[in-house]
Amino acid sequence: MRKSTEDPLKRKDFIRERLRAELDFHNQHPDLLTEIPPFPKTLMIDLTNGCNHRCIFCTNRHMTRRVGRIDPALFRKVIDEARGLGVEELGLYTTGEPFLHKHLASFVQEAKTKGFRYVYLSTNGALATPERVKAVLEAGLDSIKFSVNAGSAKTYRLIHGLDDWGRVVSHVAFVSRYREEKKLKLSIYVSSVLTKLTVHERESIEKTFSHLADEVFFVDCDAQQGQMPGNEGVLYDRTPVIPFCSLPFNRLHVTCEGYLTLCCVDYQNYLAVADLNKESLEAAWKNRFFVEMRRRHLEKELRGTLCGNCLENRGDDIQPVRPDLATAMDFPHLYERSKAEIKHRIGDES
């Protein structure tokens, strides 16, 4: 198995890479930078917005939206329409933990049967027991990424909120062995969000997982798309303004309720533009709410939206694109509550 070729002592500048990637997209794909771009090739479906962990850098634990799981009939409707429109890649996660859905393996099998070229997911790994994960792998999964955001049991408990370090390491090791035994065409990755609390454990993370995964890579913590500002110096350094986001132009995101949203980390559905229970995927891609948000992106008129807080590194109060699809939240209160909870958690573990 291929190890990470990156120097384990050199911190990856994820923000700089994101800036470069977005600018490259902007320069190389002018045909997509329109109010109604060509239909994308990649779809992500959130099988559930629930999560069994409470990561310190993640907004999921503060979410007030009702926790749900996608209905299998709705899942089939969405992927049928997507394949008919030329979608080739399917991710089975966004804001939640995919192994919380009991139909995960059958969803993978359905997607592969319908001709999706690449089906992938990301998991914290705690629920990916040998029994559960074997069924998913045998269904035809192309790629699994384990999100492991610390390099020791003590720090893992602080970051993830649970004592699952040993369990997760054993689950990654099992998937690695099973791939070899069954000669599966499966990619295995480990990602780690580096906070100021874990940057010193980067080498430990590399040592633990580099022989089990095809790649171990690191992502610098930030304000999670404008939803957790004010933690500079505690979790992360202040991040720069991002000039552009490609997601509204080149990727589909569907929530567990069946809403089409602009973003993969929209915990309150503040960027939901369509209800796919009532509207086709093709119509939703072109509807007036999505067109208007793309216009605002192109003209950089995003103040007062989640996109504006994300791209401009702001902590403003914001309004949903469609109040009828969103769960209202007092965002300034969220920002303060998040900061207080993080400080309290760190104090408890000191």
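**Aromatic contacts in a predicted model**

**View 1. Trp165 and Phe209 form an edge-to-face pair.** Both Trp165 and Phe209 are buried (under 20% relative accessible area, with a 1.4 Å probe and protein chains only). The model is predicted: local features require pLDDT of at least 70 and side-chain atom pairs pLDDT 80 or more, whereas totals for chains, interfaces and linings use all residues. Residues are numbered from 1 along each chain as its sequence is written, and side-chain values use heavy atoms, without hydrogens and water. Across the whole structure, 11 aromatic pairs are found (ring centres of Phe, Tyr or the six-membered ring of Trp within 6.5 Å; planes under 30 degrees apart are stacked, over 60 edge-to-face, the rest tilted). Because the planes of Trp165 and Phe209 meet at 80°, with centres 6.0 Å apart, this pair is edge-to-face. Trp165 belongs to helix α6 (residues 165-182) and Phe209 to helix α7 (residues 202-209), so the pair links parts of the chain 44 residues apart (helices are DSSP runs of H or I, at least four residues, numbered from the N terminus).

**View 2. Phe174 and Tyr178 form a stacked pair.** The ring centres of Phe174 and Tyr178 lie 5.5 Å apart, with 25° between the planes. About one helical turn separates Phe174 from Tyr178, because they are 4 residues apart in helix α6. Phe174 is buried at 14% relative accessible area, and Tyr178 is buried at 6%.

**View 3. Phe39, Trp285 and Phe290 form a cluster linked by ring pairs.** The charged end of Arg294 sits over the ring of Trp285, 4.2 Å from its centre (CZ of Arg or NZ of Lys within 6 Å of the ring centre and within 35 degrees of the ring normal).

**View 4. Arg83 lies over the face of Phe116.** The distance to the ring centre of Phe116 is 5.6 Å.

Technical notes:
Helices (H or I, at least four residues) and strands (E, at least two) are DSSP runs, numbered from the N terminus. Buried means under 20% relative accessible area, exposed over 50%, partly exposed in between (1.4 Å probe, protein chains only).
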